[in-house]
Amino acid sequence: MLQSLYVKNLALIDEIEVDFKEGLNILTGETGAGKSIILGSINLALGGRYSSEMLRNEEEAGYVELTFLVENEAQKALLKEREIYPEDGMVVLSRKLIEKRSISKINGETVPIALLKEAAAILIDIHGQHEHQSLLYKKNHLTILDSFAKDAVQEKKRKVSEQYRVYRTCIEELEASESDETKRLKEMNFLDFEISEIEGANLTIGEDDELEEKYRRMVNGKRITESIDEAYGYTAGSGNSASDLLSRAIRCLQEAAHYEERAENLYEQLSEVDSLLNDFNRELSDYRDSFEFSEEEFYEVETRLNEINRLKAKYGNTIPDIFAYRDEKVERRNMLKEYDIYLENLQKKKKEAEETLKLTSEELSHLRKEAAKQLEAAIKNGLLDLNFLDVKFEIVFRELSDFTSIGKDEVEFMISMNPGEPVRPLGDVASGGELSRIMLAIKTVMAEKDQIETLIFDEIDVGISGRTAQKVSEKMALIGKNHQVICITHLAQIAAMADAHFLIEKKVVEGKTKTGISLLNPQQEVAELARILGGAEITDKVLESAAEMKELAKRTK
């Protein structure tokens, strides 16, 4: 249940905190006192739309916080699926509202607005002033039925959605493939050209890297050979090269090596240096020879590289990419060559997808019809409680001409409110007040089904009075026995049923208008009922009537 609401710096609210009670919580007040602001604040905390105009004048930030006591095990399980865990049995939803953004939190931890909304849907259900108007649209009737039958139809709806996606893909492939023969031949000619161009190039993987290295060496070859020639002249050339000078030094040491062991060691070392230098000179010469190439060879390398780069620009950044492009086009060409077979296979695939989708849609429809019987009975009982005396309520199924992602069912709520009259579409028969009561009956049924603890009704009394208002008040009291109900009302009959009665008032404090809310004691409740009944002038008789109404309400409950 919703334990408390805290609001700061929103519209006419400076700062308020409300501790709601179990059972039926009634909110009343003069028109314009700020009842809608209270409900709007709750909506904001639950992830509703926010704009900076909602902030109290001259304030930089607003704040809304809802504290829920969670005792229902089903709710705990649903929250756990979203990794939300009550702390000491409490879940706190809050939202800080800054000029151009908001910060949502659950139990003090910042969360995405989507998660806040999911948590809210588990904990509370809000019926807005004009929500009953949604009953005028048939598409909403199927949504209500599926919500009622949620556990029974959930898996089938998932399968239908997946199978519908496969079915639509088949249709789109067929539509894209049904081109005329001229276009097909034109495409085949173009594919032949591209495939022939790639295969005619006789590419090999790694060839481009080898050619680029070779081309780079060719371009830099002259400069490299000049450096090599100069180095070779110093190490192996005639005259005063390192090799000549080393040979002279060896000859000089050769004679000394005969007389001294140390001289012999030095002679051997110098001989090894000479041997190493000779090996170096041979490798240097071979290295230089590797840079010798003809103009014809350079032209061939350059031309081949240009061809490969041209193909890369058209078909892929690498040679493997070009091969992949070719393979794709070969597959497409083969498909076009065997076009009749391809279309036949595609038609077969589409037919199989359609049959599978049809079967699952029929199974889903069967489950919906079973649930519809239960929903029909539950809503009819609820309508009888709300002063629809001879009401007939039916859920009619029609099959759509084509599949949708949720099956082939079209559902419409039908009603007859007078004896002898056939059932007709809800929107053609019911007035605003009747729609409001029908929605109340539906909300009651759905709350029982979904095990939602807290229900909020914003002016559920629109368009009703007299005996009907009394019936609605009794229904609200009945709901309040198993749920926490928070109801904004203008009717004394509903207000009299309150387990907790809150008065919303607008006051001027230090030149500023502020909205406040307070819990009424029994005497104050009677006075507020008298205000609702008596209007501008509250007489003793009006007070007596209010007290009597409150006493009768206690007996009814």
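E448 sits in helix α15, which spans residues 432–450; helices here are DSSP runs of H or I with at least four residues, strands are runs of E with at least two, and both are numbered from the N terminus. The model is predicted, so local features need pLDDT of at least 70 and side-chain atom pairs count only at pLDDT 80 or more, while totals for chains, interfaces and linings use all residues. Residues are numbered from 1 along each chain as its sequence is written, and side-chain values use heavy atoms, with hydrogens and water left out.

With a relative accessible area of 46%, E448 is partly exposed; that label covers everything between buried (under 20%) and exposed (over 50%), using a 1.4 Å probe and protein chains only. Leaving aside residues up to four places away in sequence, E448 touches N482 and H483, where contact means heavy atoms within 4.5 Å. H483 is 35 residues from E448 in sequence, and the C-alpha atoms of the two are 8.9 Å apart.

Next come two packed helices. Such a pair is described by the angle between the axes and the distance between them. For α2 (residues 73–81) and α3 (residues 113–123), the angle is about 170° and the axes are 10 Å apart. Axes are lines fitted to C-alpha atoms, for helices over the stretch in contact, and angles run from 0 to 180 degrees between N-to-C directions. α2 and α3 are therefore roughly antiparallel, a label for angles over 145 degrees; under 35 counts as roughly parallel, 65 to 115 as roughly perpendicular and the rest as oblique. On the α2 side, Q75, L78 and L79 meet A119, I122 and L123 of α3. Sorted by class, that contact has five nonpolar residues, one polar and no charged ones. Here Ala, Val, Leu, Ile, Met, Phe, Trp, Tyr, Cys and Pro count as nonpolar, Asp, Glu, Lys and Arg as charged, and the others, Gly among them, as polar.

Within α3, the buried residues are L116, A119, A120, I122 and L123. Looking down the α3 axis, these buried residues fall within an arc of 160°, so they line one face of the helix; the arc is that of the directions from the helix axis to the C-beta atoms.

As for strands, β9, β10 and β11 form an open antiparallel sheet in that order. Two strands count as paired if DSSP finds at least two bridges between them. β9 (392–404) and β11 (424–425) stand at the edges with a single partner strand each, so one side of each has no neighbour in the sheet. Nine bridges link β9 to β10 (residues 407–416), and R398 stands opposite E410 in β10. Two helices lie across β9 and β10: α4 (residues 138–148), at about 100° to β10, and α13 (residues 339–385), at about 165° to β9.

Elsewhere, β5 (residues 90–98) runs antiparallel to β6 (residues 102–106) over five bridges, with a hairpin of three residues joining them. K96 faces I103 in β6. β6 in turn pairs antiparallel with β7 (residues 109–110) over two bridges, and K105 has T110 in β7 as its bridge partner. The β6–β7 hairpin has two residues between its strands, and N107 in that turn has a positive phi of about 50°.
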